[in-house]
Amino acid sequence: MWQAMFSFTNAVVLIAWLILAFLPRKPLATTAVLYLGVALLCLCYTVMFVLLLSGSVDPGQVPGSAPYVASDYSIAGLRKLFMSDGGLVIGWTHYLAFDLFTGLWIARDADNKEFSRAAQLPFLFATFMAGPLGLFTWLIVRERRARAMNPAQNRIRL
């Protein structure tokens, strides 16, 4: 089950990122990225999270280890969770969903600030590969243009 979910979420996010990076940003494309990408990943995450933490599915624990306890938010507890296939796939899906949402925000913000698609691609790629790095560099680069635009366009829009 976990391998299938891992493959499915990776396919969903790859298609969504390709739409975001290369198709015209028409309402249908951005809506598809938001709902068929981000929302679908969030739904998958939620279902897997509930099933794993309720004990409804085998978390794929490392043989000989104690089961994960949901209230154990220590480093050791999280290590135990992420050493299971279920915990790893859930964590990965979490990253995929939030990085895609961040990429969508960057793309919309960049379009609003009139950055060319070519100028956006490095930030989108950085966000795809290492989410916070892409977001951090975008926040630095966008600032000069944001200050140059009128105050109504300067606000960060989510």
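1. A reminder before we start: this is a predicted model.

2. Let us begin with H1 and H4. Helix H1 covers residues 2–22, and helix H4 covers 85–112. Their axes come within 10 Å and cross at roughly 10°. An angle under 35 degrees counts as roughly parallel, so H1 is roughly parallel to H4. From H1 the contact takes Trp2, Met5, Phe6, Thr9, Asn10, Val13, Ala16, Trp17 and Leu20. H4 answers with Asp85, Gly86, Val89, Ile90, Trp92, Thr93, Leu96, Asp99, Leu100, Gly103, Leu104 and Ala107. By class, this contact of H1 with H4 has 14 nonpolar, five polar and two charged residues.

3. H4 also packs against helix H6, which spans residues 131–148. Here the axes come within 10 Å and cross at roughly 20°, and H4 and H6 are therefore roughly parallel to each other. The crossing of H4 past H6 is left-handed. On the H4 side you will find Asp99, Thr102, Trp105, Ile106, Asp109 and Ala110, and on the H6 side Gly131, Gly134, Leu135, Trp138, Leu139 and Arg142. Sorted by class, the residues of this contact are six nonpolar, three polar and three charged.

4. How do H5 and H6 pack, and at what angle? The angle is about 150°, with the two axes 5 Å apart. Angles over 145 degrees count as roughly antiparallel, and H5 and H6 are therefore roughly antiparallel to each other. Phe123, Ala126, Thr127 and Met129 in H5 meet a set in H6 made up of Gly131, Gly134, Leu135, Thr137, Trp138 and Val141. This contact of H5 with H6 has six nonpolar and four polar residues, and no charged ones.

5. On to the largest pocket, which holds about 230 Å³ of space. Its lining has 14 residues, and those closest to the centre are Tyr45, Phe49, Leu81, Phe82 and Ile90. Helix H2 (27–54), helix H3 (75–82) and H4 each supply at least two residues of this lining. H4 has the largest share, with five residues. The lining is made of eleven nonpolar and three polar residues, with no charged ones.

6. Which residues line the second largest pocket? They are Asn10, Val13, Trp17, Trp92, Tyr95, Leu96, Asp99, Phe128 and Met129. H1, H4 and helix H5 (117–129) are the elements that give two or more residues to this lining, and H4 provides the largest share, four residues. The volume of this pocket is about 160 Å³. By class, its lining has seven nonpolar residues, one polar and one charged.

Definitions and conventions:
Residues are numbered from 1 along each chain as its sequence is written. This is a predicted model: local features need pLDDT of at least 70, side-chain atom pairs count only at pLDDT 80 or more; totals for chains, interfaces and linings use all residues. Side-chain values use heavy atoms; hydrogens and water are left out. On a 1 Å grid over the protein atoms alone, a cavity is a set of points where a 1.4 Å probe fits but cannot get out, and a pocket is an open set with protein on both sides within 12 Å along at least five of seven lines; lining residues have an atom within 4 Å of a point. Grid points are joined across faces, edges and corners, and a volume is the space filled by probe spheres set on the points. Ala, Val, Leu, Ile, Met, Phe, Trp, Tyr, Cys and Pro count as nonpolar, Asp, Glu, Lys and Arg as charged, and the others, Gly among them, as polar. Axes are lines fitted to C-alpha atoms, for helices over the stretch in contact, and angles run from 0 to 180 degrees between N-to-C directions. Angles under 35 degrees count as roughly parallel, over 145 as roughly antiparallel, 65 to 115 as roughly perpendicular and the rest as oblique. A crossing is left-handed if the near helix is turned anticlockwise from the far one by less than a right angle, and right-handed if clockwise. Contact means heavy atoms within 4.5 Å.
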